[in-house]
Amino acid sequence: MSRRSAILSGFVVVMILFPFAWQAWGGHVNPLRVCGDPNNLPFSNKQSEGFENKIAEVIAKEMKIELTYFWWPHQQGLVRRALKPGLCDVMISIPQGWDRVLWTKPYYRSAYAFVYRKDRGFHISSLDDPILKRLKIGVYINSPPMEALANRDIRTNLVGYSLVNYGDQNERSDKIIRDLVAGEIDVVLDWGPMAGYFAKRLNGSTPLEVVLLQGGEPRIPFTFEFSMGVKEGNTALKAELEQAISKRHAEIRKILEEYGVPLLPLLAHEQFPKVEEKPGEIFYRSFDRDDPLPSY
């Protein structure tokens with residue numbers, strides 16, 4: 001079966017099973033139904049405490065429509081089980097270029113980051129720093145930094161953390177930073193939005209430094225741009241979302257900063273006004289460079 005036939009067949013099934021799904025296929029939607037993860041801070045939760053919740057509120061307000069959610073853990077087949085059948089209309093943040101959905105222009109860019117206690121006196125800015133072979137490093141299993149460290153023969157001093165969806169998501173997500181504060185590990189390599197958010201929450205009497213990861217290597221990107229995602233073919237909703245993002249980009253950036261998300265300039269600078277980075281309460285350092293990696 002051709003891709004076109006598969007899409008048309010899927011559309012017929014959706015129309016039979018969900019008679020109102022045509023509202024999400026094209027044209028102006030009302031309400032805006034967001035595919036939300038119910039327990040995944042700092043991104044989203046059912047209490048609307050995540051930055052994706054706040055961004056969704058800004059977008060719905062700009063579009064002058066009601067905001068609702070279809071809750072489904074994002075690690076468990078969200079596109080196949082929720083977005084494609086028409087149970088929800090938009091994913092608030094997806095990696096730019098993810099080919100399972102139709103994506104908007106990117107609206108923020110972040111990177112993996114080092115996190116360490118400022119009182120340790122470290123000045124780590126690269127995976128090639130020799131000190132990493134002597135430190136206990138917290139890193140998420142199967143993440144790009146873990147693979148890059150293994151390529152540098154740094155394995156025995158790694159402490160692996162899991163993000164598999166079980167137990168309490170918030171407890172799992174901030175454990176790596178809590179262990180850092182407690183001195184059980186020396187340095188953390190974490191995804192920037194998670195690092196910034198939990199470092200800000202746990203900063204307290206132990207100031208933490210967040211340093212965006214420099215460089216990169218083929219097939220192991222450290223920086224990613226993020227877009228909103230809609231079902232394939234829904235170009236009308238894509239265009240409406242892009243218009244809303246463009247008009248409210250300053251507000252969206254402010255939300256990201258309030259949540260401690262370390263931000264890098266978008267690679268396509270003409271899309272939105274250039275805004276200078278602001279450090280917030282955590283000690284941030286970033287590095288001016290030309291990123292040789294493609295946008296993902």
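This is a selection-by-selection tour of a predicted model. Residues are numbered from 1 along each chain as its sequence is written, and side-chain values use heavy atoms, with hydrogens and water left out. Because the model is predicted, local features need pLDDT of at least 70 and side-chain atom pairs count only at pLDDT 80 or more, while totals for chains, interfaces and linings use all residues.

**Whole chain**

Start with the whole chain in cartoon view. The chain has 9 helices and 13 strands; these are DSSP runs numbered from the N terminus, helices being H or I of at least four residues and strands E of at least two. Of the 296 residues, 49% are buried (buried means under 20% relative accessible area, exposed over 50%, partly exposed in between; 1.4 Å probe, protein chains only). Among contacts with a separation of 6 or more, 72% are between residues 24 or more positions apart (contact means heavy atoms within 4.5 Å). Switch to a surface: the accessible area is about 14,300 Å², and carbon and sulfur atoms account for 53% of that (Shrake-Rupley method, 1.4 Å probe; for residues, only the protein chains shown count as cover).

**Backbone stops**

Select Leu41 and Pro42. The peptide bond joining them is cis, with omega near 10°, and Pro42 sits in the loop between β2 (39–40) and β3 (44–45).

Next, select Asn142, in the loop between β8 (137–140) and α5 (144–151). Asn142 is not a glycine, yet its phi is positive, near 65°. Asn142 is exposed, at 74% relative accessibility.

Move on to Asp153, in the loop between α5 and β9 (158–161). Asp153 also has a positive phi, about 60°, without being a glycine, and is exposed at 60% relative accessibility.

Then select Leu87 in the loop between α4 (78–83) and β5. Leu87 is partly exposed, with a relative accessible area of 26%. Its C-alpha atom is 6.7 Å from that of Phe70, 17 residues away along the chain.

**Positive patch**

Select Arg80, Arg81, Lys84 and Arg100, which form a patch of positive charge on the surface. Patch members have over 30% relative accessible area and no salt bridge, with like charges joined within 9 Å and nonpolar side chains (Val, Leu, Ile, Met, Phe, Trp, Tyr) within 5 Å. Arg100 is in the loop between β5 (90–95) and β6 (102–103) and is partly exposed, at 34% relative accessible area.

**Salt bridges**

The structure holds 13 salt bridges (a side-chain nitrogen of Lys or Arg within 4 Å of a carboxyl oxygen of Asp or Glu). Select Arg120 and Asp186, which pair at 2.9 Å, N to O. Arg120 is in the loop between β7 (108–117) and β8 and Asp186 in the loop between α6 (169–181) and β10 (187–191), so the bridge ties together parts 66 residues apart in sequence. Arg120 is partly exposed at 37%, whereas Asp186 is buried at 16%.

In helix α6, select Asp174 and Arg178, 4 residues apart and so separated by about one helical turn. Their closest N and O atoms are 3.0 Å apart in a salt bridge. Asp174 is buried at 9% relative accessibility, and Arg178 is partly exposed at 29%.

Finish in helix α8 (residues 235–247), where Glu242 and Lys238 lie 4 residues apart, about one turn. Their salt bridge has its closest N and O atoms at 3.1 Å. Glu242 is buried at 17%; Lys238 is partly exposed at 21%.

Technical notes. Lys, Arg positive; Asp, Glu negative; His and termini not counted. Charge placed at Lys NZ, Arg CZ, Asp CG, Glu CD.
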